[in-house]
Amino acid sequence: MEQSQPQQRRAADQVFQQSLEQLEDILQESLTEEEEIPQLHTSSLTEVELDQDLTDIDLAALEDAVADIEQYLEEKTKT
């Protein structure tokens, strides 16, 4: 028996919706992969970027850290 026209439309609609969902999944996976690739490249610093990061170090904080380390070492050698 042939399906009536509304049933055929519903069946076609279901197939179409499933296809759209599959396409959406594929596109989401593709976007996720594309977003991950640039992050890998930007995570490796060039020497210039590394030099710039090192020059941004707070000198006072570095001096405080050295003082803390010296104090720790003095206490450790006393005991």
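The points below cover the basis of the model, its fold, its confidence and its surface patches.

This is a predicted model, in which local features need pLDDT of at least 70, side-chain atom pairs count only at pLDDT 80 or more, and totals for chains, interfaces and linings use all residues. Residues are numbered from 1 along each chain as its sequence is written, and side-chain values use heavy atoms, with hydrogens and water left out.

**Fold and surface**
- The chain contains three helices and zero strands, where helices (H or I, at least four residues) and strands (E, at least two) are DSSP runs numbered from the N terminus.
- Along the sequence, the pattern reads α-α-α.
- Of the 79 residues in the chain, 0% are buried, that is, under 20% relative accessible area; exposed means over 50%, and partly exposed lies in between (1.4 Å probe, protein chains only).
- The accessible surface is about 7,800 Å², and carbon and sulfur atoms account for 54% of that surface; areas come from the Shrake-Rupley method with a 1.4 Å probe.

**Confidence**
- The mean pLDDT (the predictor's confidence in each residue, from 0 to 100) is 77 for the chain, with 65% of residues at 70 or more.
- Helix 2 (residues 47–55) has the lowest confidence, at a mean of 65, whereas helix 3 (residues 59–78) has the highest, at 88.
- Where pLDDT is low, predicted coordinates should not be read in detail.

**Surface patches**
- Patches comprise residues with over 30% relative accessible area and no salt bridge, joining like charges within 9 Å and nonpolar side chains (Val, Leu, Ile, Met, Phe, Trp, Tyr) within 5 Å; a salt bridge places a side-chain nitrogen of Lys or Arg within 4 Å of a carboxyl oxygen of Asp or Glu.
- F16, L20, L23 and L27 form a nonpolar patch of about 380 Å².
- L23 lies in helix 1 (residues 5–43) and is partly exposed, at 44% relative accessible area.
- E21, E24, D25 and E29 form a surface patch of negative charge; Asp and Glu count as negative and Lys and Arg as positive, without His or the chain ends, and each charge is placed at NZ of Lys, CZ of Arg, CG of Asp or CD of Glu.
- E21 belongs to helix 1 and is partly exposed, at 48%.
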